[in-house]
Every structure is written in structure tokens, then in C-alpha cells.
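Let's start with the aromatic rings.

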Amino acid sequence: QYGRERLGERGEEAELRRRHRAYYRDLAARARAEAFGPEQVTWFNRLDLEQANLRTALEGCFATPADAPAGLSMATDLLYHWITSYYLGEGRGWLERGLAAATSPDDVRGRALWADSWLAVIQADIPAATIRLEECRRIGERLGDEPILAYADLFCGMVAMCEGRGEDAIELYERAVKRHRRTGDPVGLALSLIRLSLACSFLGRSQAAIAAAEECLTVCDSYGEGWHKA
């Protein structure tokens, strides 16, 4: 409170808030880039400790219309934080607030749509996940964006499994695996292989399940990653 009063007297509060937002947007982006690796637990713990600052930065982004796309990108970068730190509802709230504020059909929105769909699937809100993924796929096809389409396939596969459509899910997961291999995204590839392995196992295709799991282990080991490997 004292610090805020002093900043207000000197006319520096707005600039400090801008720098604060920029710092935590950068922190979230670094966490997304580096969390699939040996520093994974360090990043998860760091973000959990920074939760109050992350909230403040996101609130600041969405308070300024021009900063809404940056806030949406930041909320998406924090996807694993929302999941691993048990902030599912809050994370989904930030994503949906950002999606309502930043409506341009660009890659930022496409990425946020599939992130929001995953949180919806975890919360068993399949209708909402389906709506998000339909828009996500439209954006990916319009932009010719393979990463967005790869994640749309992955999470559409999760929806299919939730609806009891195992064969459709396997087809979608296999497509996601191929796309993630082409784009060189180890996170998406690991996730897709895990889900493919589970779906094949569920349908009694043990050899295919083991093959997908072994490939996933190889990917994780090559990056020193532990969460997906487990």
C-alpha cells in the first residue's frame, strides 16, 4: 500500500504495471518453451509460487483492450500450470475471458481454442469442447496451420473417446501423431502417443498400444522429460 502511494505521487504506477505485465508474459512464454525437459518440476513449482503475480498480470492485460491478445497468449502458455496446479476452473476462466476479448481468427486464437477445449474435456464439458474445436479447426484450415490442426485432431480424439467412439479416436490420434512428427513438436507428439496408446489398449490392440507407448518413452527420454513419461 505504501509503495503504491509513493508510485502514485511520482506518476510511475502505470509504467510499473506495464513492466510487470511484460515480465510475467515473458515468464509464461519461457515456461511453455522449457517445461518439456529436465527443468519441468522447477517450472511447475515456480509458476505455482508466482500465481498471485500471474493473476495480476492477466487482469492487467484484459483491462486494456489492446493487450487482450497478449493476455490470451499468456493464458494459453500457462496451460500446464492450470492443469498441474489444480487451477482448471480459473485457467478456463482466463482463456474464455481472452477469447471473448480477442476475436481475431489468428494463430493466437487457434491455439487458445484447443487449450480451452482440453480444460473443458478434463471438466467433462464435452459440448463446450466440441464447439471450441470446431472453430479451432476452421482457423487452422484457413491459415494452413499444421500445429493448430494437429492439436485439433488430438483433442477431437479425446472427445471421440469420451463419446465412446474408439475407432474414430484412434484415427484422429494417428493423424495427430503424423502432424506432430512433421512439425517437430515433442509435447504434442508425446500427448498424441499417450492417447493413442490408451485408445488401442482400450480396444484390445495391445501391440499397437505398446508401440505407441515405447515411442512416447523415446521422445520423453530424448528431452529429459518426466511427467508425460510417467
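## A buried ring pair

F155 is buried, with a relative accessible area of 0% (buried means under 20%, exposed over 50%, partly exposed in between, with a 1.4 Å probe and protein chains only). W114 counts as buried too, at 10% relative accessibility. This is a predicted model: local features need pLDDT of at least 70, side-chain atom pairs count only at pLDDT 80 or more, and totals for chains, interfaces and linings use all residues. Residues are numbered from 1 along each chain as its sequence is written, and side-chain values use heavy atoms, leaving out hydrogens and water.

## Aromatic pairs

The whole structure holds 10 aromatic pairs (rings of Phe, Tyr and Trp, the last by its six-membered ring, with centres within 6.5 Å; planes under 30 degrees apart are stacked, over 60 edge-to-face, the rest tilted). The rings of Y23 and Y24 have centres 4.9 Å apart and planes at 80 degrees, so this pair is edge-to-face. Y23 is partly exposed at 42%, whereas Y24 is buried at 8%.

For W114 and F155, the ring centres are 5.8 Å apart and the planes at 15 degrees, so the pair is stacked. W114 lies in helix α8 (residues 107-122) and F155 in helix α10, so the pair ties together parts 41 residues apart in sequence (helices are DSSP runs of H or I, at least four residues, numbered from the N terminus). One aromatic cluster is formed by F44, Y80, W114, W118, Y151, F155 and W227.

## Around Y87

Y87 sits in the loop between α6 (79-84) and α7 (88-101).

Methods:
Helices (H or I, at least four residues) and strands (E, at least two) are DSSP runs, numbered from the N terminus.
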